[in-house]
Amino acid sequence: MGIPDLLNVFSKKKDYDFLETLGAGSFGTVRKAIQKSTGREVAVKIILKSRLHGHLEVVEREVNLLSSVRHPHIVELIDSFQTKHNFY
């Protein structure tokens with residue numbers, strides 16, 4: 001990951017005010033957050049890379065699927081990014 005990529009990740013993460021934890025599971029947590037740029041209340045799923053044991057394709061598949069689905073009973077994927085230790 002080069003300097004522009006790191007700056008992009010930092011600015012994306014900085015766009016959220018993380019609040020309380022809504023839930024936790026085997027791979028990470030879901031936190032309530034406010035997206036600063038829109039004022040929108042969102043849920044942020046934080047997946048710990050260390051818990052995936054090298055199966056990163058699971059996250060890629062979920063992101064690709066949620067990016068392509070538009071349905072009133074399925075949550076909308078607004079954004080995704082990753083840091084050294086987590087997927088968001």
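## Close-up views of the predicted chain

**View A.** Aspartate 17 is partly exposed, its relative accessible area being 37%. The model shown here and in the other views is predicted. Lysine 36 is likewise partly exposed, at 43%. Values under 20% count as buried and values over 50% as exposed, so both of these residues fall in between. The two side chains meet in a salt bridge, with 3.6 Å from N to O. This pair links distant parts of the chain, for aspartate 17 belongs to strand E1 and lysine 36 to the loop between strand E2 (28–35) and E3, 19 residues apart.

**View B.** A salt bridge joins lysine 12 to aspartate 79. The closest N and O atoms of lysine 12 and aspartate 79 are 3.0 Å apart. Lysine 12 is located in helix H1 (residues 3–14), whereas aspartate 79 is located in the loop between helix H2 (57–68) and E4; the pair therefore ties together parts that are 67 residues apart in sequence. In general, side chains of opposite charge can pair when their charged atoms come close.

**View C.** Lysine 32 and glutamate 41 form a salt bridge in which the closest N and O atoms are 3.8 Å apart. Salt bridges that share partners bring Glu20, Lys32 and Glu41 together in one network. Lysine 32 counts as partly exposed, at 22% relative accessibility. Glutamate 41 has 53% relative accessibility, which is over 50%, and therefore counts as exposed. Over the whole structure, a search finds six salt bridges.

**View D.** Four strands form an open sheet in the order E1-E2-E3-E4, with antiparallel pairing. Strand E1 (16–24) and strand E4 (86–87) are the edge strands, each pairing on one side only. How many bridges join E3 to E4? Two bridges do so, and these strands run antiparallel. Isoleucine 47 stands opposite phenylalanine 87, a residue of E4. Along the whole chain there are two helices and four strands. Read from the N terminus, these elements follow the pattern α-β-β-β-α-β.

**View E.** The largest nonpolar core consists of seven residues: Tyr16, Ala33, Val42, Val44, Ile46, Phe81 and Tyr88. Which strand gives the most to this core? Strand E3 (residues 40–48) does, with three residues. Isoleucine 46 is a member of this core. Apart from neighbours within four places in sequence, isoleucine 46 is in contact with Phe18, Phe27, Gly28, Thr29, Arg31, Asn86, Phe87 and Tyr88.

**View F.** The chain as a whole has 88 residues, of which 22% count as buried. The accessible surface of the chain comes to about 6400 Å², and carbon and sulfur atoms account for 57% of this area. Among contacts in the chain with a separation of 6 or more, 39% are between residues 24 or more positions apart.

Definitions and conventions:
Residues numbered from 1 in each chain as written. Predicted model: local features only at pLDDT ≥ 70, side-chain atom pairs only at ≥ 80, totals over all residues. Heavy atoms only, no water. Core = buried A, V, L, I, M, F, W, Y, C linked by side-chain atoms within 4.5 Å. Buried < 20%, exposed > 50% of the residue type's maximum accessible area, 1.4 Å probe, protein only. Contact = heavy atoms within 4.5 Å. Areas by Shrake-Rupley, 256 points an atom, 1.4 Å probe, with all protein chains shown as cover. Pairing = 2+ DSSP bridges. Salt bridge = Lys/Arg side-chain N within 4 Å of Asp/Glu carboxyl O.
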